Amino acid sequence: MDKKVRIIIVIFLGVFGVHKFIDKEYKMGLIYLLSGGLFGIGWIIDVFREIIGTNKSKSLMTKEALNIINEGKLPNIIATNLNLSEDEICHYMEKGYTFKEKTITTGYTGKSSGVSIKVMDGLTYRTGGSGSKAIRETQRTTYTGILYITNKRVIYTSTNECFDKTFDKITSITEAKDGVILQIGSSSYSIIIETPAEFVKVFNIAKQNKL
């Protein structure tokens, strides 16, 4: 989904949880729908997150560099934080985002029955049953990195996952709607980037020049 369209949806329909249903967070979407976006507080927070997130995700690739790529050529990019060899040139540099999802228990619902017996200070033994159910939510942690292509290799630097591979080590590249999926041997890397089409073009040109 285009980011501008998503922001409009969050601003005008977020109070009803429409963006949550789009993200397949159906339970949270229902909560938003019944509570008016968590009484407006959750909705306002989501609006700010979308706007701030859009500002943070600006491409590192200049319009000039993108034009050169779309003409079938390779731009020369200054990557001061990248340790290049003497005859190595950077042709692509873009912000990348990876994430991991983890299901956590945020609370319990229902009633419990039984008797609590104090055994000693700080230790209590409880008898009886419990009819409570755990409330689980999916928590997503996002990691920021930078994806590079030089005339020799593909590099991804991040606080979580990272790699440094020559072209022949890349098994396959799949262009997705909002990023790329790189298969390197038995490992798969899904990286969200602003310019996935240009990444694939640069990779193909640089690889062909290397042959």
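Q: What share of the contacts in the chain with a separation of 6 or more comes from residues 24 or more positions apart?
A: A contact means heavy atoms within 4.5 Å. In this chain, residues 24 or more positions apart make up 54% of the contacts with a separation of 6 or more. This is a predicted model, in which local features need pLDDT of at least 70 and side-chain atom pairs count only at pLDDT 80 or more, while totals for chains, interfaces and linings use all residues. Residues are numbered from 1 along each chain as its sequence is written, and side-chain values use heavy atoms, with hydrogens and water left out.

Q: How many helices and strands does the secondary structure of the chain come to?
A: Helices (H or I, at least four residues) and strands (E, at least two) are DSSP runs, numbered from the N terminus. The chain has six helices and nine strands.

Q: What percentage of the residues of the chain count as buried?
A: Buried means under 20% relative accessible area, exposed over 50%, and partly exposed in between, with a 1.4 Å probe and protein chains only. Of the 211 residues, 32% are buried. Accessible areas come from the Shrake-Rupley method with a 1.4 Å probe, and for residues only the protein chains shown count as cover. The chain exposes about 13,700 Å² of accessible surface, 57% of it belonging to carbon and sulfur atoms.

Q: Which residues are buried in α1?
A: An α-helix has 3.6 residues a turn, so residues three or four places apart point the same way. In α1, the buried residues are Arg6, Ile7, Ile9 and Val10. Seen down the axis of α1, they fall within an arc of 160° (taken over directions from the helix axis to the C-beta atoms), so they line one face of the helix. Lys4 and Phe12 are exposed on the face turned away from that buried side.

Q: Which residues form the nonpolar patch on the surface?
A: Patches are made of residues with over 30% relative accessible area and no salt bridge; like charges are joined within 9 Å, and nonpolar side chains (Val, Leu, Ile, Met, Phe, Trp, Tyr) within 5 Å. Here the patch comprises Ile8, Ile11, Phe12, Leu13, Phe16, Phe21, Tyr26, Leu30, Leu33, Leu34 and Ile51, with about 1,100 Å² of accessible area together. Helices α1 (3–13) and α3 (26–39) each supply at least two of its residues. Phe16 sits in the loop between α1 and α2 (18–22) and is partly exposed at 44% relative accessible area.

Q: Which residues are linked with Lys20 in a network of salt bridges?
A: Side chains of opposite charge can pair when their charged atoms come close. A salt bridge is a side-chain nitrogen of Lys or Arg within 4 Å of a carboxyl oxygen of Asp or Glu, and the count comes to six. Lys20, Glu25 and Asp46 form one network. The closest N and O atoms are 3.7 Å apart for Lys20 and Glu25, and 3.8 Å apart for Lys20 and Asp46. Lys20 lies in α2 and Asp46 in α4 (residues 41–56), so this pair ties together parts that are 26 residues apart in sequence. Lys20 and Asp46 are buried, whereas Glu25 is partly exposed at 37%.

Q: Where do Arg153 and Glu88 lie?
A: Arg153 forms a salt bridge with Glu88, with the closest N and O atoms 2.6 Å apart. The pair links distant parts of the chain, 65 residues apart: Arg153 is in strand β5, and Glu88 is in the loop between α5 (63–70) and β1 (90–109). Both residues are buried.

Q: In which sense do β5 and β6 pair?
A: Two strands pair if DSSP finds at least two bridges between them. Strands β5 (residues 153–158) and β6 (residues 163–166) pair in the antiparallel sense over four bridges. They form a hairpin with four residues between them, and Ile155 has Asp164 in β6 as its bridge partner.
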